[in-house]
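Take a look at the structure below. We will walk through a few of its parts, one at a time.

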Amino acid sequence: MDFNHTEERRMLAESLGRYLTDNYAFETRMEIVQSDIGYSSQKWQELAEMGVIGALFSEDNGGFGGAGFDITVVFEELGRAGVVEPFLATLLAGAVLSQLDNQEHTQLIESMIAGDELIALAHGEANAHYDLEHVATTANQTDDGYVLNGAKAVVLNGGEANKLIVSARLSGEPFSQDGIALFLMDAEHVGLTIRPYPTMDGSRAAEISLSNVKLPATALLSSRENSFAVLQTAYARATLAVSAEALGAMEIATQMTGEYLSTRTQFGQPIGMFQALQHRMSEMMIELQQMRSSIINAAGSLDSTPATRDKAISAAKNLTGRVGKLIAEESIQMHGGIGMTWEYAMPHFAKRIIMIDHLFGDSDHHLGRFASLSQVS
């Protein structure tokens, strides 16, 4: 397996990095975070025109990438700049649609790639505890369609999306992998209540309730036989993406900490000269390289068998959580009081790093999942 980036991926990383350096300063990010929708429509459109969204999808779906390394290249750069535009929500919803053999769904993905359509996946529920099979939202079939009732929690960009993909149970118990179906609906559909809110790391999410939401039969995207496998694949891609994003954010936090240690003086010399702090910086850099290796392995395994893919993804996500906690805590501690200052960029990266641990399963969850998958294989 060749882990070297292609020329196209190197060019993508360089052009995206240059754009973000020139157009996404920390002050700009803070203005965007505090806006009504929590992201910049202008920046989103510019990034779409650069082909950044298209890099997340295959040529069959109107993009030009879609492989694991395409995802990691994009999200690592996004993490280095603290980008809050809805890339993750787009990847999740697009990963669901891309598995469906339907021309209408391909056209939806093309609209998402162009930056014209924002679709959110509403799957997680309050009592799920990271378990993808937990779906208590119900879908009752009628003569002319379906009626949905239930609630979804922490839906990424659910308040800003114009369409939603909603999981609901046609049959079985709440923790059964069978009986789950996926439905596509407008965000302003009768019976939907959406409560958007900002999260502590600058992102946006929403709580969604469904009360007798009536849908036509054509709203069914995926039947009870294959929806769980579709969700597993979509979340594998999203988990790889946030791990790469965390890597980018950790690199910046480590870099900022090193620069601070070289300029902050005590006893007539930079505090970076103190051996104890040098050892702590060395540990951070070593752990970062170990984490990068696990993400490379996960990216290379993304299109392997589900068991191989999921083991690699869980190994990377577990390490992302453990290394992220170390780097976030060490960066703040070695900065001292300024490490908790709102006007300083570093603590905002630290917040995002810690929150990523809780996205799609924390380090403990993925350690247990990796152990279970290892026993099966």
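A helix axis here is a line fitted to C-alpha atoms, over the stretch in contact, and angles run from 0 to 180 degrees between N-to-C directions. Keep in mind that this is a predicted model.

Start with a pair of helices. Two packed helices are described by the angle between their axes and the distance between the axes. Take helix H4, residues 68–81, and helix H5, residues 87–97. Their axes come within 12 Å and cross at roughly 160°. Angles over 145 degrees count as roughly antiparallel. H4 and H5 are therefore roughly antiparallel to each other. Their crossing is left-handed. Which residues of H4 and H5 make the contact? From H4 come Ile71, Phe75 and Leu78. From H5 come Phe87, Leu88 and Leu91. Sorted by class, this contact has six nonpolar residues, no polar ones and no charged ones.

Now move to helix H3, which covers residues 41–49. Its buried residues are Lys43, Trp44, Leu47 and Ala48. Seen down the axis of H3, these buried residues fall within an arc of 135°, so they line one face of the helix. What do they pack against? Their partners are helix H1 (7–23), helix H2 (26–33), H5 and helix H6 (103–113). Just after H3 comes Gly51, with a positive phi of about 90°.

Next, find a strand. Lys163 lies in strand E4, which spans residues 163–169. Is Lys163 buried or exposed? Its relative accessible area is 18%. Buried means under 20%, so Lys163 is buried. Which residues does Lys163 touch, leaving aside neighbours within four places in sequence? The contacts include Leu108, Glu117, Leu118, Ile119 and Ala120. Leu184, Met185, Asp186 and Ala187 are also in contact with Lys163.

Finish in a loop. Tyr344 lies between helix H9 (306–335) and helix H10 (346–357). Leaving aside its neighbours within four places in sequence, Tyr344 is in contact with Phe26, Met256, His335 and Ile338. Now compare Tyr344 with Met200. How many residues apart in sequence are they? The separation is 144 residues. In space, Tyr344 and Met200 are 15 Å apart, C-alpha to C-alpha.

Note on methods:
Residues are numbered from 1 along each chain as its sequence is written. This is a predicted model: local features need pLDDT of at least 70, side-chain atom pairs count only at pLDDT 80 or more; totals for chains, interfaces and linings use all residues. Side-chain values use heavy atoms; hydrogens and water are left out. Helices (H or I, at least four residues) and strands (E, at least two) are DSSP runs, numbered from the N terminus. Buried means under 20% relative accessible area, exposed over 50%, partly exposed in between (1.4 Å probe, protein chains only). Contact means heavy atoms within 4.5 Å. Angles under 35 degrees count as roughly parallel, over 145 as roughly antiparallel, 65 to 115 as roughly perpendicular and the rest as oblique. A crossing is left-handed if the near helix is turned anticlockwise from the far one by less than a right angle, and right-handed if clockwise. Ala, Val, Leu, Ile, Met, Phe, Trp, Tyr, Cys and Pro count as nonpolar, Asp, Glu, Lys and Arg as charged, and the others, Gly among them, as polar. The arc is that of the directions from the helix axis to the C-beta atoms.
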